Amino acid sequence: MPALIEPALIEIAALTKRFGAFTAVDNVSFNVARGEVLGFLGPNGAGKSTTMKMLAGFVTPTAGSARICGHDVQSDPVAARRQLGYLPEGAPTYPEMTVLGFLQFCGRLRGLRGATLDERVGHAVAMTTLNGVRLQPVETLSKGFKRRVGLAQALLHDPAVLVLDEPTDGLDPNQKHEVRLLIRRMAAEKAIIISTHILEEVEAVCTRAIVIANGRLVADATPAELARRHPSGKLDDVFRAMTMPNKKGAA
Amino acid sequence: MSRWFSVRSALVVARRELGSYFATPVAAVFIVIFLALQGVLTFNLGNFFDRNQADLAPFFSFIPWVFLLLVPAITMRLWAEERRQGTIELLLTLPLRQSEAVLGKFLAAWAFCAVALALTFPFWITVNFLGRPDNGVILCGYAGAVLVAGAFLSVGAAMSAATKNQVIAFVLSLAVCFIFAVASYPLVTDFIARSSPELASFARRISVTDRFLGFTRGELEVRDLVYFASFIGFWLLLNSVIVDHRKAD
């Protein structure tokens, strides 16, 4: 590959969030370049979602900064968000809207219109295999479908940066497989962050993994490197060793 | 797309919001109750026929009170519902300025109230059928009614942004709107005047109902228009600040 020097699409520097006396995210820094799929791991409450919310510009950081394609998410939020596809925790959608209506709404707010809007919505629906339920209100759909509607919304404008909070939660094994294929297909031209509790997913789609515990970054390596840190060679064991209170083997 | 504010984005938000009123029973229930209440109040309590006058004075005299009760019911879900569903995180991470979201939601609620008001046209037909009213005065009264709705809506929207709980949003906006509705009443101003006469005249000046009275008499005054514009502007600004401050709570 030619050595094209491109600044990282996601730059997180010393990001910190405190809620009163509680520090949810503590001085976290990392970059994600084009072509990388970053697996964001950590126990519940470790600060994964808060970090992602700060990256999306929804939660205001106490200190530090986050940039998307060079745009600071606090000082230049609209420009940063144009480059971002974000699936929030729990994949919220407007229940009374149809799948098509919801995606058109998101597309319009992203400045799409007319034939381009129809084309982009059609493409997103096809990618997430939502064609059969296009005209159904979101509230009538199962959990797996709702998650895919959220995913379709994030992919709609073909963003350079994708931040997906638990994209495969609630999907059946076949749907999980589909979504992983989809992420791998898009990986080459995007910078992607996915948070997940499924460690096999990290091995299946991620080029890099970050482990966060108690708000601190405790590991940043490729999944294979990470797995080697425990005699058993299993990511499960590494994860447990790093995130349990008496953590041994933390990097 | 403009650098500081995109009208298009605000209208996209307004359109979705308005659509959601009609996708749920909210719109139908509100319009039916509004028309029924206005009908009963105007014809029965307002002595519409016995007065023997060709105007809509009884109709307009009840409008602020009916809005006082019903407008908080529209606005209570405006932001509280987004918060409950978690969609506020989706909405505010789209490439959209907070001011556009705030204005879009307000415009949707306002347009909805305007539709409800427009559906009172049978009153206007009735009075024109029975006599020869001054339609300019009636039109002016309608304009005033739209502004009263806007004023109450802007208060309600800000209250809705302050809480996740719709009941609290309803009660808070009802209370605040009530203060602005009765501020000019002698009972209130006399009470205030006992301790501070300056404050009493101030209370009279900030009252929504007092300003509305001018409109129902056909007096369209610039200072009243300025009053409503700044009233609505103030509460929308407050709404923006509250959303910004509390969006992730």
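Modeller: Happy to. Let's begin with R16(B), which counts as buried because 23 C-beta neighbours lie inside 10 Å, where 20 or more are needed for that label. Please keep in mind that this is a predicted model. R16(B) belongs to helix α1 of chain B. Along the chain, F191(B) is 175 residues away from R16(B), and the C-alpha atoms of the two are separated by 45 Å.

In total, 20 residues of chain B are in contact with 22 residues of chain A. On the chain B side, α1 (7-23) and α4 (87-91) each supply at least two residues, and α1(B) gives the most, with 5 residues.

Stepping back to chain B as a whole, its secondary structure comes to 12 helices and 0 strands. The radius of gyration of chain B is 19 Å, close to the 18 Å that the globule rule gives for 249 residues, so chain B is as compact as a globular protein of that length. Its C-alpha trace spans about 60 × 45 × 35 Å along the principal axes. Of the 249 residues of chain B, 41% count as buried, and R16(B) counts as buried too. Among contacts in chain B between residues at least 6 apart in sequence, 79% join residues at least 24 apart.

Now across to the partner, chain A, which does have a sheet. Here 4 strands form an open, antiparallel sheet in the order β2-β1-β4-β5. β2 (22-32) and β5 (71-72) of chain A stand at the edges with a single partner strand each, so one side of each is left without a neighbour in the sheet. Helix α1 (residues 48-55) of chain A packs on this sheet, touching β1, β2 and β4 (63-68) of chain A, and its direction makes about 120° with that of β1(A). Strand β1 (residues 10-19) of chain A pairs with β2(A) in the antiparallel sense over 7 bridges, and I12(A) stands opposite F30(A) in β2(A).

Strand β2 of chain A also contains N27(A), which has a positive phi of about 55° although it is not a glycine. N27(A) counts as partly exposed, with 14 C-beta neighbours inside 10 Å. Another residue to look at is T129(A), in the loop between α4 and α5 of chain A. T129(A) has a positive phi of about 45° and is not a glycine either; it is partly exposed, with 15 other C-beta atoms within 10 Å.

At 1.5 Å a residue, the 13 residues of helix α5 (residues 143-155) of chain A should span 18 Å, and its end C-alpha atoms are 19 Å apart, which agrees. α5(A) is mostly covered, with 11 of its 13 residues buried; among them are F145(A), V149(A), L151(A) and L155(A), together with the charged K146(A), R147(A) and R148(A). The cover over the buried residues of α5(A) includes β6 (84-87), α3 (99-109), α4 (114-127), β7 (161-165) and α6 (173-186) of chain A.

Conventions
Residues numbered from 1 in each chain as written. Chains lettered and ligands numbered in written order. Predicted model: local features only at pLDDT ≥ 70, side-chain atom pairs only at ≥ 80, totals over all residues. Contact = placed C-beta atoms within 7 Å. Expected span 1.5 Å × (residues − 1). Buried ≥ 20, exposed ≤ 12 C-beta atoms within 10 Å, placed from the backbone. Pairing = 2+ DSSP bridges. Axes fitted to C-alpha atoms, helices over the stretch in contact; angles between N-to-C directions. Rg over C-alpha atoms; globule rule 2.2 N^0.38 Å.
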